[in-house]
Amino acid sequence: MTFLPLRSGEPSLLQQRQRAAFWFLAPMLAALICVAAWPLLRTIWFSFTDTTLSDLYGGQWIGFDNYLSMRTLSSGRTVWRGTLVDPAWWNAVWNTLRFALVSVTLETVLGLIVALVLNAEFRGRGLVRAAILIPWAIPTIVSAKIWAWMLNDQFGIINDMLLSLGLIDQKIAWTASADTAMYAVLIVDIWKTTPFMALLILAGLQMVPRDIYEAARIDGIHPVKVFFRVTLPLIRPALMVAVIFRMLDSLRIFDLVYVLTPNSAATKTMSVISRENMVDFDKFAYGAAQSTLLFSIIAIFVLLYIWLGRVDLTGDSSR
């Protein structure tokens, strides 16, 4: 078989494929610029102005005053203002980080256990796989409303069950009390999102060759050792990507907290407080500064996670 040489100036096959891929991706890139990049840049711009919600185009440049500013009063006292010295903001940062760490950790562990069960051979496995996704498929607002009723201190079923079992001696205001509000949010989030983690981890388990387990069984290796020495290293890429997805969601959690525990300082997250300032208090530029800081924190967390965890997002295992 003979191959015809390329004419001078004619693109190679690789160049043709790259060009075709670009044109296929162009509509998606254009959509991302319109719905993500442009609003993000506008928000960053608003954070350096005194823009108000009633006049989005009349804001004046004020620099970093929304982040940190110093004022000297007539009495000679120096007062610091801005998001970086706002106790409410740092409380929201702490709530968000605590929520993200606890929820992602528990969802990863529980999701791994569920994925291992669903990966086993048993009758009705397909039906169980479909049923386990129901909590994740339910919209977050609906889930929050359902659990708000179940956790109600007057007529909620959770208190009735705990009282019947003798685990508590009086009804608990799960979503109203500062001591239990975060636990309530975590319970609902873990219930809803664990199936998502299990689905991603199960996809990684499906890629593990069955011959490895058969060889380990013949050699008499304990299943626990097989899990830590064989299964866990092989599904590590899928597990790391699943954790990234959940970390992104948990750091920008809004709807669940806003519906389940409104106006609670114990659960107020960075997204909730930024929306509160932008809309409720008409501090649009101040809220934009908090949104910009939220984006920066998420970006730093993800970059550090990818770097320290050596996560390969290219899909090229040969590197």
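Colleague: Is D282 buried, partly exposed or exposed?
Modeller: The model is a predicted one. D282 lies in the loop between α11 and α12. Buried means under 20% relative accessible area and exposed means over 50%. D282 has 36% relative accessibility, so D282 counts as partly exposed.

Colleague: What is the phi of D282?
Modeller: Most residues other than glycine have a negative phi. D282 is a residue other than glycine, yet its phi is positive. The value for D282 is near 55°.

Colleague: Which residue in the loop between α10 and α11 comes up here, and is N263 buried or exposed?
Modeller: The loop between α10 (255-260) and α11 holds N263, which has a positive phi of about 60° although it is not a glycine. Exposed means over 50% relative accessible area. With 71% relative accessibility, N263 therefore counts as exposed.

Colleague: How are α11 and α12 oriented to each other, roughly parallel or roughly antiparallel?
Modeller: Helix α11 covers residues 270-280 and helix α12 covers residues 284-309. Their axes come within 7 Å and cross at roughly 160°. Angles over 145 degrees count as roughly antiparallel. The two helices, α11 and α12, are therefore roughly antiparallel.

Colleague: Is the crossing of α11 and α12 left-handed or right-handed?
Modeller: The axes of these two helices cross at roughly 160°. The handedness of the α11 and α12 crossing is left-handed.

Colleague: Which residue forms a salt bridge with K268?
Modeller: K268 is buried, at 16% relative accessibility. The closest N and O atoms of the pair are 3.1 Å apart. The partner of K268 is E276.

Colleague: How far apart along helix α9 are R246 and D249?
Modeller: R246 forms a salt bridge with D249, and their closest N and O atoms are 3.7 Å apart. Both residues are in helix α9 (residues 223-251). Because R246 and D249 are three residues apart there, the separation is about one helical turn.

Colleague: Which of these counts as buried, R246 or D249?
Modeller: The cut-off for buried is under 20% relative accessible area. D249 has 30%, so D249 is partly exposed. R246 has 3%, so the buried residue is R246.

Colleague: What is the distance between the closest N and O atoms of R252 and D249?
Modeller: R252 is partly exposed, at 47% relative accessibility. R252 forms a salt bridge with D249. The closest N and O atoms of R252 and D249 are 2.7 Å apart.

Colleague: Which residues are linked with R246, D249 and R252 in a network of salt bridges?
Modeller: D249 forms a salt bridge with R246 and another with R252. The count of salt bridges comes to nine. The network also includes E107 and D189.

Colleague: Where in the structure is F122 found?
Modeller: F122 is one of the residues in the nonpolar patch. F122 counts as partly exposed because its relative accessibility is 33%. F122 is found in the loop between α2 and α3 (125-132).

Definitions and conventions:
Residues are numbered from 1 along each chain as its sequence is written. This is a predicted model: local features need pLDDT of at least 70, side-chain atom pairs count only at pLDDT 80 or more; totals for chains, interfaces and linings use all residues. Side-chain values use heavy atoms; hydrogens and water are left out. Patches are made of residues with over 30% relative accessible area and no salt bridge: like charges are joined within 9 Å, nonpolar side chains (Val, Leu, Ile, Met, Phe, Trp, Tyr) within 5 Å. Accessible areas come from the Shrake-Rupley method with a 1.4 Å probe; for residues, only the protein chains shown count as cover. A salt bridge is a side-chain nitrogen of Lys or Arg within 4 Å of a carboxyl oxygen of Asp or Glu. Helices (H or I, at least four residues) and strands (E, at least two) are DSSP runs, numbered from the N terminus. Buried means under 20% relative accessible area, exposed over 50%, partly exposed in between (1.4 Å probe, protein chains only). Axes are lines fitted to C-alpha atoms, for helices over the stretch in contact, and angles run from 0 to 180 degrees between N-to-C directions. Angles under 35 degrees count as roughly parallel, over 145 as roughly antiparallel, 65 to 115 as roughly perpendicular and the rest as oblique. A crossing is left-handed if the near helix is turned anticlockwise from the far one by less than a right angle, and right-handed if clockwise.
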